[in-house]
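User: I'd like to learn how to read a few features of a protein model, one at a time. Could you take me through them?

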Amino acid sequence: MRKPGSRTALSLVLACLMWWADLHVVNGSEAQDIAAAVEKRCVHAFFYLWYGTPEIDGQWQHWNHEVLPHWDASVRDRYPSGGVRYLPPHDVHSPFYPMRGCYSSRDANVTRAQLRELLAAGVGVVVLSWSGRPDIPGTHDTQGVSTDNIILSVMDVAQQEGMEVALHLEPYHGRTAETVSADLAYIADRFGSHPALHRTGVGKEGYGTAKSLPVVYVYDSYRISLRDWQALLL
């Protein structure tokens, strides 16, 4: 579940989402293939990796999330249930009960089934929640879940299913434009060579080449000033 006010926390796309290609002549079949690839890569779905079960992760993760207090004091006073935890597997922190029951995000079989459903619905790119560099204190969520060590396995499944992956940078304490710059360097080093990484446009050699740029979303981007973003990006 996202925090209240997330509608105003519009993700900042750190790479241009324009499709581009070197001018060249293609035949009808090639043109259809390019059009189909572009259309598929235009639909992105956010995909969170923070769910865990005792069988796989040693404890419940996020299914047992506490009830968050409402940000409006008048509403909060009427519903004083903040801090009460859900009790999985039957009482879970979700508006809907998962069809497969409570699952672990580390279960590759579940991930594969979920990606196939997304692909059948026309989604070509899954945007994975990335909690930050594991060597930086505080780069995990309120339940201590870090997603850095699961990204590659999900990328492997996505590649096998014909999908691509972009990263959604989650906030952490002390994040600045400078630390984001270091985050991007880390992401490029750790994930940049994976063929499932979603990039903008078609480079001279095709999708996923060094001539095209990875797409990265940033949650709570407004907490870093426009001037600092400009200094980083321009």
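User: What is the mean pLDDT of the protein?

Analyst: pLDDT is the predictor's confidence in each residue, from 0 to 100. The mean pLDDT of the protein is 80, and 77% of its residues reach 70 or more. Over residues 3-27, pLDDT stays under 50, and the model has 57 contacts (heavy atoms within 4.5 Å) beyond four places in sequence for them. Residues 203-210 also have pLDDT below 50, with 16 contacts beyond near neighbours in sequence. Where pLDDT is low, the predicted coordinates should not be read in detail.

User: Which residues of helix 5 are buried?

Analyst: Buried means under 20% relative accessible area, exposed over 50%, and partly exposed in between, using a 1.4 Å probe and protein chains only. Helices (H or I, at least four residues) and strands (E, at least two) are DSSP runs, numbered from the N terminus. In helix 5 (residues 151-160), the buried residues are Ile151, Val154, Met155, Val157 and Ala158. Seen down the helix 5 axis, they fall within an arc of 160 degrees, so they line one face of the helix; the arc is that of the directions from the helix axis to the C-beta atoms.

User: What do the buried residues of helix 5 pack against?

Analyst: Their partners are helix 4 (108-120), strand 2 (125-130), strand 3 (164-169) and helix 6 (177-191). After helix 5 comes Gly162, with a positive phi near 80 degrees.

User: Where are His62 and Asp220 found?

Analyst: His62 is in the loop between helix 2 (54-57) and helix 3, and Asp220 is in the loop between strand 4 (216-218) and helix 7 (226-233). Each has a positive phi in a residue other than glycine: near 70 degrees for His62 and near 60 degrees for Asp220. His62 is buried, at 5% relative accessible area, and Asp220 counts as buried at 2%.

User: Which residues does a cis peptide bond join?

Analyst: Pro88 and Pro89, with omega about 15 degrees. Pro89 is found in the loop between helix 3 (73-78) and helix 4.

User: What is the volume of the largest pocket?

Analyst: On a 1 Å grid over the protein atoms alone, a pocket is an open set of points with protein on both sides within 12 Å along at least five of seven lines, while a cavity is a set where a 1.4 Å probe fits but cannot get out; lining residues have an atom within 4 Å of a point. Points are joined across faces, edges and corners, and a volume is the space filled by probe spheres set on them. The largest pocket has about 610 Å³. Of its 23 lining residues, the closest to the centre are Tyr48, Tyr51, Ser94, Tyr103 and Gln114. Helix 4 gives the most to that lining, with four residues.

User: How many cavities of 30 Å³ or more does a search find?

Analyst: One. The largest cavity has a volume of about 30 Å³, and its lining includes Trp50, Tyr51, Arg106 and Ile150.

Key. Residues are numbered from 1 along each chain as its sequence is written. This is a predicted model: local features need pLDDT of at least 70, side-chain atom pairs count only at pLDDT 80 or more; totals for chains, interfaces and linings use all residues. Side-chain values use heavy atoms; hydrogens and water are left out.
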